[in-house]
Amino acid sequence: MPPVKDALLLLLDVGPSMHSVLPEIEKACSLLVQKKMIYSKNDEVGIVLFGAEDTDNELTTEVGGYQHVVVLKKIKVVDGDIHEALLQLPRGTTDGDFLDAVIVGMDMLIKKFDQTNKGKKRLCLITNAQCPIKEPYEGTKEEQVTIIAKQLTAHGMKMESIIFRGKLGQDANREIMDENDHLLNIFSKETSTRLLYLENPISLFGALRTRNITLVTTFRGDLEISPKLSIKVMVYKKTAEEKFPTLKKYSDKAPPNAQYATHELKIDYEYKSSEDRDKVLPPDQRIKGYPYGPQIVPISRSEWDAVKFQPEKGVKLLGFTDSSNIFRHHYMKDVYVFLPQPGNTGAMLALSALARAMKEMDKVAILRCVWRKGQSNVSIGVLTPNLSDKENIPDSFYLNVLPFAEDIREFQFPSFSNFPASWKPNGQQLEAAANLIKTLDLAPHGQPEVLLPDFTTNPVLERFYRFLELKSKDPDVAVPPIDDTLKKITEPDTDLLLQKKYVIDSFCRSFELKGQPLKKSRRLWGGKRSSTNDVIENASVKVEKIGDLTPAQDFEALISRRDSSDWVGKAINEMKNKIFDLVEDSHEGDNYPKAFECLVVLRKGCILEQEPKQFNDFLKHICNFCRENRLHSFCQYLASKDLTLISKTEAVDSDVTDEEARSFLVESEPRVE
């Protein structure tokens with residue numbers, strides 16, 4: 001049997017004062033078990049309730065006391081039984097004593113593991129800490145908590161506490177809460193564990209560590225300040241994007257009664273000659289080729305290895321600069337944290353002195369980083385000091401990777417200073433915008449911040465985990481609607497929007513948009529020329545390119561220009577590119593009507609300018625593109641609109657007959673009856 005990696009005991013307060021948040025606790029704790037079944041299926045979990053109506057624990061039988069503490073599930077390997085139990089927690093009828101629950105949980109871990117489990121042993125306490133703690137038989141409450149904390153440390157256990165506060169009711173006793181907070185702080189300090197206070201139940205999803213990430217160093221070695229000065233450091237990833245769990249492909253071809261069938265798929269690839277389809281090419285006859293202009297340049301593996309840039313492993317200081325010279329939008333990839341080597345007092349002092357000096361001078365350091373030997377790329381990063389306010393945590397640095405010139409995207413936009421005064425916001429509009437910002441501020445003055453990154457879970461991942469659990473029970477289950485808890489993360493607070501509706505309405509009134517009719521080109525598609533007065537009227541506004549707002553009108557204006565012979569070709573080419581962009585960027589066909597409108601005016605323009613081949617070739621090309629890229633719905637849309645190629649009847653230069661023009665889209669995209 002594989003060793004237990006993690007043993008977790010949930011200590012849950014189910015007393016009356018916790019009833020309002022128990023639904024979120026059920027969801028968060030059941031999600032924890034779901035993730036363990038995916039990522040850590042050998043972990044063990046147990047559940048202890050306090051504030052319950054009944055009493056059911058071994059200590060009550062052995063020594064007495066510990067009333068209203070129930071062992072709902074003994075510690076065992078995670079399974080569906082524990083998950084189901086967490087979804088239906090019983091509601092208690094009496095105030096809970098969290099110290100009793102901690103002692104019962106510690107006793108359970110000692111009896112089950114003691115010295116046998118070399119993995120982690122954790123207690124997770126979830127309560128609002130609003131109920132009084134019983135007086136001990138001997139000594140004070142502080143002394144009792146200190147003894148319990150030392151016993152936890154002696155047996156290799158850790159305890160994290162998650163405290164709900166939020167809006168306090170009238171019956172909340174501040175004196176009791178302050179005393180309990182003091183006791184919980186002793187636990188946190190003595191055991192070096194987390195103590196979290198949450199203002200809303202949604203934060204529980206992020207606060208509850210549902211998955212343990214193995215602590216692995218990205219780099220350990222010297223931070224080289226100069227050839228004669230270096231500091232021993234350990235580098236870890238501070239943030240990294242959480243990916244979906246790896247989804248494997250399985251086969252159902254194995255017999256149902258095959259006990260040892262793995263159902264795994266094995267994929268083999270064969271490379272065959274284009275000249276002889278039956279000839280398999282071995283690896284020594286294959287070579288990679290890279291396009292260079294019209295040709296393909298072959299580069300062998302040995303040549304590729306020789307041309308690779310192979311820098312020396314290490315982290316070197318390149319210099320210092322003002323923090324104002326580094327832009328936040330230039331940060332790339334993940335964030336790393338630099339810590340002094342554990343137990344190395346000299347490294348700790350040197351790193352702390354450097355960090356504090358940089359903080360005082362408002363400087364940052366620029367580093368050259370190569371994490372591993374044989375690494376083919378070099379990173380340039382900015383090192384920012386992070387000073388600690390706790391005695392047992394050393395000062396450190398954060399590293400953000402910076403872009404090279406090839407990584408930066410520079411886009412030029414016109415300056416607001418070039419706009420006329422009528423296009424700039426006035427004082428009343430600026431005030432309305434400022435009020436809107438203050439109303440929707442997630443961190444208002446004197447109040448806790450909403451949606452803190454540390455406590456805000458990824459709603460996409462959470463939704464996937466929940467559906468996976470439903471799918472495990474019923475393969476044909478339908479995808480459920482989005483949970484209300486996840487909606488609170490992804491959507492604005494409806495109560496706040498209703499309360500501040502007048503601010504939003506004021507902003508909307510300040511920026512009321514009015515349509516302005518566009519000046520159409522005076523040249524008609526029927527061939528009628530505009531008068532001299534019409535030409536003078538339109539001369540003041542000349543279209544130079546096809547825009548995003550009104551591409552059809554821009555094309556008509558552009559192709560009508562006669563101040564150069566290049567405008568017709570420019571208009572046709574730009575319209576082709578615009579149609580491609582609309583089709584490629586379409587989501588469920590939302591851009592199809594606009595793309596069709598552009599195709600219609602392009603067709604008319606090509607007929608008028610005697611360029612039928614350009615339109616016919618383009619329509620064939622875009623239809624082939626859609627078939628190759630799974631955009632068949634666009635071809636079906638065009639067929640439903642009866643769009644055809646330009647035939648000889650419409651343009652004498654066309655080489656397409658009337659029958660070919662009518663049957664083009666009908667043959668390529670048959671309609672489904």
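This report walks through the sheets, cores, aromatic pairs and confidence of a predicted model.

Some ground rules come with it. Residues are numbered from 1 along each chain as its sequence is written, and side-chain values use heavy atoms, with hydrogens and water left out. Since the model is predicted, local features need pLDDT of at least 70 and side-chain atom pairs count only at pLDDT 80 or more, while totals for chains, interfaces and linings use all residues.

**Confidence.** pLDDT is the predictor's confidence in each residue, from 0 to 100. The protein averages 84, and 91% of the residues score at least 70. Residues 519–540 fall below 50, and that stretch has 25 contacts beyond near neighbours in sequence (contact means heavy atoms within 4.5 Å). Residues 669–673 also stay under 50.

**The open sheet.** Helices (H or I, at least four residues) and strands (E, at least two) are DSSP runs numbered from the N terminus, and two strands pair if DSSP finds at least two bridges between them. Six strands make an open sheet in the order E3-E2-E1-E4-E5-E6, with mixed pairing. Its edges are E3 and E6, each pairing on one side only. Inside the sheet, Leu8 stands opposite Arg122 in E4. Helix H3 (residues 80–87) lies across E1, E2 and E3, running at about 150° to E3; axes are lines fitted to C-alpha atoms, for helices over the stretch in contact, and angles run from 0 to 180 degrees between N-to-C directions.

**The barrel.** Here 7 strands close up in the order E7-E8-E12-E15-E14-E13-E11, again with mixed pairing. From one strand to the next, the twist averages 40°. Helix H9 (residues 345–361) packs on this sheet, and its direction makes about 65° with that of E15.

| Strands | Bridges | Direction |
|---|---|---|
| E1 (residues 6–13) and E4 (residues 120–127) | 7 bridges | parallel |
| E8 (residues 229–239) and E12 (residues 332–340) | 6 bridges | antiparallel |
| E9 (residues 288–292) and E10 (residues 295–299) | 5 bridges | antiparallel |

The hairpin of E9 and E10 has 2 residues between the strands, and Gly293 takes a positive phi near 65° there. Lys288 has Ile299 in E10 as its bridge partner.

**Cores.** A nonpolar core is a set of buried Ala, Val, Leu, Ile, Met, Phe, Trp, Tyr and Cys residues joined through side-chain atoms within 4.5 Å. Buried means under 20% relative accessible area, exposed over 50%, and partly exposed in between (1.4 Å probe, protein chains only). The largest core has 42 residues, with Phe555, Ile579 and Ile622 among those with the most contacts inside it. Helices H16, H17, H18, H19, H20 and H21 each supply at least two of its residues. Ile622 touches Ile579, Phe580, Val583 and Phe634, leaving out residues up to four places away in sequence. Apart from this core lies another of 37 residues, including Leu8 and Phe464.

In the loop between H20 and H21 you'll find Ser647. Ser647 is buried, at 5% relative accessible area, and its contacts beyond four places in sequence include Val656 and Asp658.

**Aromatics.** Rings of Phe, Tyr and Trp (its six-membered ring) pair if their centres lie within 6.5 Å; planes under 30 degrees apart count as stacked, over 60 as edge-to-face and the rest as tilted. That gives 13 aromatic pairs. Phe507 and Phe511 form a tilted one, 4.9 Å centre to centre with 40° between the planes. Phe507 is partly exposed at 25%, and so is Phe511 at 34%. Tyr39, Phe244, Phe464 and Tyr465 form one aromatic cluster.
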